[in-house]
Amino acid sequence: MVSVQIHQVSHVAVFPSPVTETELLLPLSFFDVSWISIPPIRRLLLFPAAPDLHSLKSSLSAVLRLFYPLAGKLTYLPATGDLALSCSPDDHVTFIEADSDGDFTRLASDEIHDVDSFLRLVPELDVKVLPAAVMEVQVTRFDGGSVAVGLAIHHAVVDGRGFWLFVQAWAMACRAGEEAISGVSLVHDRTFIRHHPRGDKIARRLLKKMAPELPIINTQRRFEATRRTFTISRDMIRSMKQRAKEGRIQYSTFAALSALTWISLIKTKAMEDPNEETILGFSMDCRTRLNPPLNDGYYGNCIRGCFAKAKAVELAGSAGFSMACMRIKEEIDESCKDVLRGYENSVGGFFRDANSIFILLNGSSSFRAYETDFGVGRPSRVEPVSMSLDGQVALIGGREEGEIQMSVALNPPHMEEFTKEFLRELNA
């Protein structure tokens, strides 16, 4: 575990602030409040060269004029029972500066995560009691000039797509100047979603379920897991997709990779009952699937849970891969018919007994995290730090064009066997 010494904590203000009134309240939608008790999205980017610290701060201030809710406070409104983003002209983001004498090369290259070190390099973001800050940033310099940029953003404010949209805009402003992001147009108002016939009622019911003691929030505890990163090359993806073709049916890359992960984990865990139901949970972006679709610039959560199911015996046999692909496709097709149907039940599906055979896959290979460039080149490693479930999997686009990076969290006894099974299936 690396040592980290914090030497300065400052505030980066939104200046000039686009908020002119004393307080601007943006009530959250049911898509947002679903994530109120989930730990913040915490991501770590490791850069071999250090961006200029002044440029990082000034560009952060500039980009926050577009993403101003990220500098606000998550607030509970007891009079209405709503959650809202409270924005004011004095808003700011906490900016932590630190140093470390740790082994940067090891952190940037080991397939097995040094979880404790990663956690020290990313802000914790205390969200236990509202009002609470939405985002914090930490920049840690290593001996030799390399740097770690860690971010934590509350999941009730953004989903993965929104997280990386912000990071890319910040990097672009730092690299090319504020004018480079002048064309970015965002919609922070959740009115369209909240005008769903039962939108406010759904949000309040979910709040009572997810956070019954507001303004106190009981977030999930950290899961003591082994975490490992797998890189899926273009050749592996090509072979996997060929295997995922059945007659006229061509399953997607997502379905094929999810299926391989699913069956590999089922084969890893000893199944006392072969007829036990197993579940693969994953998120679906609803922006283009709503009627009418959301504006491209909508900035808030807009995902729902999907849950493909199969008995262990169905996945463990020779036809397991085909069965898993089919079940994933069926779940996607069914959810696409009406993305709001059964939404409340889909939220509950993410909070299952940790001892059940349940795989949760989040992220997307479309998240081009390795294209983040603050003016000193791309990161040598990007990793999720907030993985709190046994069987949780996170996807981003890989370091090289066409690659996929997959990070997996498992109980320590299962990781070695899972690695063998997954690599064997991947190279089959």
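Analyst: Pro 292 sits in the loop that runs between β13 (277-285) and β14 (303-311). This is a predicted model. The bond to look at is the one that joins Asn 291 and Pro 292: it is a cis peptide bond, with omega about 0°. Most peptide bonds are trans.

The peptide bond from Phe 15 to Pro 16 is cis, with omega near -10°. Pro 16 also belongs to a loop, here the one between β1 (4-13) and β2 (24-27).

One more backbone feature deserves a look. Leu 125 has a phi near 60°, a positive value in a residue other than glycine. Most residues other than glycine have a negative phi. Leu 125 is placed in the loop between α4 (115-120) and β7 (132-133). What is the relative accessible area of Leu 125? The value is 4%, and the cut-off for buried is under 20%, so Leu 125 counts as buried.

Now the side chains. A search of the whole structure returns 24 salt bridges. One of them pairs Arg 106 with Asp 114, with the closest N and O atoms 2.9 Å apart. Arg 106 is partly exposed at a relative accessible area of 28%, whereas Asp 114 is buried at 15%.

Another pair is Asp 235 with Arg 238, where the closest N and O atoms are 2.6 Å apart. Both residues lie in helix α8 (residues 234-243). They are three residues apart, about one turn of the helix. Asp 235 is exposed, at 53% relative accessibility.

Arg 327 is partly exposed at 21%. Glu 330 is partly exposed as well, with 42% relative accessibility.

Salt bridges also form a network. It links Arg 243, Lys 267, Glu 421, Arg 424 and Glu 425.

Step back to the whole chain. The protein chain has 13 helices and 18 strands. Its radius of gyration is 21 Å, close to the 22 Å that the globule rule gives for 428 residues, so the chain is as compact as a globular protein of that length. The C-alpha trace spans about 60 × 55 × 40 Å along its principal axes.

Of the 428 residues, 56% count as buried. Take the contacts between residues at least 6 apart in sequence: 80% of them join residues at least 24 apart.

Last, the surface and the charges. The protein chain exposes about 18200 Å², and carbon and sulfur atoms supply 50% of that area. There are 47 positive and 53 negative side chains. The centres of the two sets lie 5 Å apart.

Key:
Residues numbered from 1 in each chain as written. Predicted model: local features only at pLDDT ≥ 70, side-chain atom pairs only at ≥ 80, totals over all residues. Heavy atoms only, no water. Salt bridge = Lys/Arg side-chain N within 4 Å of Asp/Glu carboxyl O. Buried < 20%, exposed > 50% of the residue type's maximum accessible area, 1.4 Å probe, protein only. Helix = DSSP H or I, 4+ residues; strand = E, 2+ residues; numbered from the N terminus. Rg over C-alpha atoms; globule rule 2.2 N^0.38 Å. Contact = heavy atoms within 4.5 Å. Areas by Shrake-Rupley, 256 points an atom, 1.4 Å probe, with all protein chains shown as cover. Lys, Arg positive; Asp, Glu negative; His and termini not counted. Charge placed at Lys NZ, Arg CZ, Asp CG, Glu CD.
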